[in-house]
Amino acid sequence: MNVLVVDDEPFAHKLLALQLKKLGCQDVLSFECAYDALDFIRSGAKTIALIFCDLQMPRMDGIEFVRHLAGIGYGGGLVFVSGEEGRILQTAQALAKAHQLDILGTLNKPVATDLLGQVLERGFSRVATAPRSARKLYEPAELQRAISAGELVNYYQPKVEISTGTVTGMETLVRWQHPQDGLVFPDQFIATAEQFGLINDLTRAVMPAALHQARLWQAMGLDLHVAVNVSMDNLTFLEFPDFVARAVSEAGVPLSSLVLEVTESRLMKDPRLLLDILTRLRLKRIGLSIDDFGTGHSSLAQLRDIPFDELKIDRSFTHGASRNTSLRAIFEASLGMARQLGMKTVAEGVEDRADWDFLRAAGCDSAQGYFIGKPMPATEVPSWMSAWKVRSRELVASTMSLS
């Protein structure tokens, strides 16, 4: 993995390069000027997988550098390394995401080796899933063929109860097993499905398969619910609640085995339709979760008007909240609202032990993230659960000993 460091302080970039090499990065390139770094990237002499960039630099600062990276279509990972205060780092990170750059995190100077190692681990993980970075988008006709041919497959990511470590359910994450391109991630075809009216066909393939899998797990003695993401476009058809209820009945599982995760990524044209459908789903005892809370159009109005029984706090407010006062304030406010409304809480984006310990101290109900388990095929779930049973005992016991 080729790594590039951009920092105008000679001592700082030499020290970071040394730390990176000690952590296994053999090919580390250093630049004191962002212009020179850009010229090197443009030259294509080497494919850069990861960039560590300072913010406060002469001639071209880190924000300008981000703008130019987006302009040349840089597809690798990006990490900010700076002595600036947290709110500036947070805003810079938000800007990089808005440019659709793959921001892996921010590090304060001087860089702690353990935190640097965690960032590198995320970078290695991105490289391992390189097909995703290609960002090939697919035509609607090809996606329709894939749905009809049964090429969509479900992966599952665990949700666990923080206080006990008990596995409570699995979030269903669809993948496309493409005959030529291999495993295709949803960010390369969900938007196409929504834009060209294929999202209902996609949901009618994903949901029954997830419910059938829940039935198989229950037959194995694994009492797991499944969560399925639904698009706002699914919630424009009055018959959608009846389809869901039929799918649950045909799978032979209790209605409580299903949770629908709703993300309002765009505003509804007719809010009456949304309220009609979601209220009928709750009347049928289908669980409703407001996903990615705090982002997009999800708002306090949704909590007031829609009978959600679970709130998923977005990963951007979870990871790093233990060491960021702004994130901690937003997280704890979301948690407090959910408690007062009688809603269960799930924290997304739990990526390290610090996140886990923070959530446990804060009293969050459940957690989900790479620290617990990555999305996996259904066949890998039983072996993961066996390993997690041992690991969770150690986590819970060690946390209790510190309290």
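This is a predicted model: local features need pLDDT of at least 70, side-chain atom pairs count only at pLDDT 80 or more; totals for chains, interfaces and linings use all residues.
Phenylalanine 293 stands opposite isoleucine 313 in S12. Residues are numbered from 1 along each chain as its sequence is written, and side-chain values use heavy atoms, with hydrogens and water left out.

**Around phenylalanine 293**

Phenylalanine 293 belongs to strand S11, which covers residues 287-293. Strands (E, at least two residues) and helices (H or I, at least four) are DSSP runs, numbered from the N terminus. This phenylalanine is buried, with a relative accessible area of 5%. Here buried means under 20% relative accessible area, exposed means over 50%, and partly exposed is in between, using a 1.4 Å probe and protein chains only. Strand S11 is mostly covered, as 6 of its 7 residues are buried.

Which strands pair with S11? One of them is S10, joined to S11 in the parallel sense over 4 bridges. Strand S12 (residues 310-313) also runs parallel to S11, with 3 bridges between them. Two strands count as paired if DSSP finds at least two bridges between them. Phenylalanine 293 and leucine 311 are 18 residues apart along the chain, and their C-alpha atoms are separated by 6.9 Å.

**An open sheet of five strands**

Elsewhere, 5 strands form an open sheet in the order S2-S1-S3-S4-S5, with parallel pairing. Strands S2 (28-31) and S5 (102-108) stand at the edges with a single partner strand each, so one side of each has no neighbour in the sheet. On average, neighbouring strands of this sheet are turned by 20 degrees against each other, direction ignored. Axes are lines fitted to C-alpha atoms, for helices over the stretch in contact, and angles run from 0 to 180 degrees between N-to-C directions.

Strand S1 (residues 3-6) runs parallel to S2 and is joined to it by 4 bridges. Valine 3 has valine 28 in S2 as its bridge partner. Helix H2 (residues 34-43) packs on the sheet, touching S1, S2 and strand S3 (50-53), and its direction makes about 155 degrees with that of S1. Helix H3 (residues 62-71) packs on the sheet too, touching S1, S3 and strand S4 (77-82), and its direction makes about 155 degrees with that of S3. Contact means heavy atoms within 4.5 Å.

**Charged pairs**

Side chains of opposite charge can pair when their charged atoms come close. A salt bridge is a side-chain nitrogen of Lys or Arg within 4 Å of a carboxyl oxygen of Asp or Glu. By this rule the count comes to 17 salt bridges. The table shows some of them.

| Salt bridge | N to O |
|---|---|
| Glutamate 9 and lysine 109 | 3.7 Å |
| Lysine 109 and aspartate 54 | 3.3 Å |
| Lysine 159 and glutamate 261 | 3.0 Å |

Lysine 159 lies in strand S6 (residues 152-161) and glutamate 261 in strand S10 (residues 258-262), so this pair ties together parts that are 102 residues apart in sequence. Lysine 159 counts as buried at 1% relative accessibility, and glutamate 261 counts as buried at 1% as well. Salt bridges that share partners join Lys159, Glu171, Glu261, Glu310, Lys312 and Glu348 into one network.

Are the residues around lysine 109 buried or partly exposed? Lysine 109 itself is partly exposed, with a relative accessible area of 26%. Glutamate 9 is partly exposed at 40%, whereas aspartate 54 is buried at 2%.

Phe11, Leu15 and Leu18 make a nonpolar surface patch of about 320 Å². Patches are made of residues with over 30% relative accessible area and no salt bridge, where like charges are joined within 9 Å and nonpolar side chains (Val, Leu, Ile, Met, Phe, Trp, Tyr) within 5 Å. Accessible areas come from the Shrake-Rupley method with a 1.4 Å probe, and for residues only the protein chains shown count as cover. Leucine 15 lies in helix H1 (residues 10-22) and is partly exposed, with a relative accessible area of 37%.
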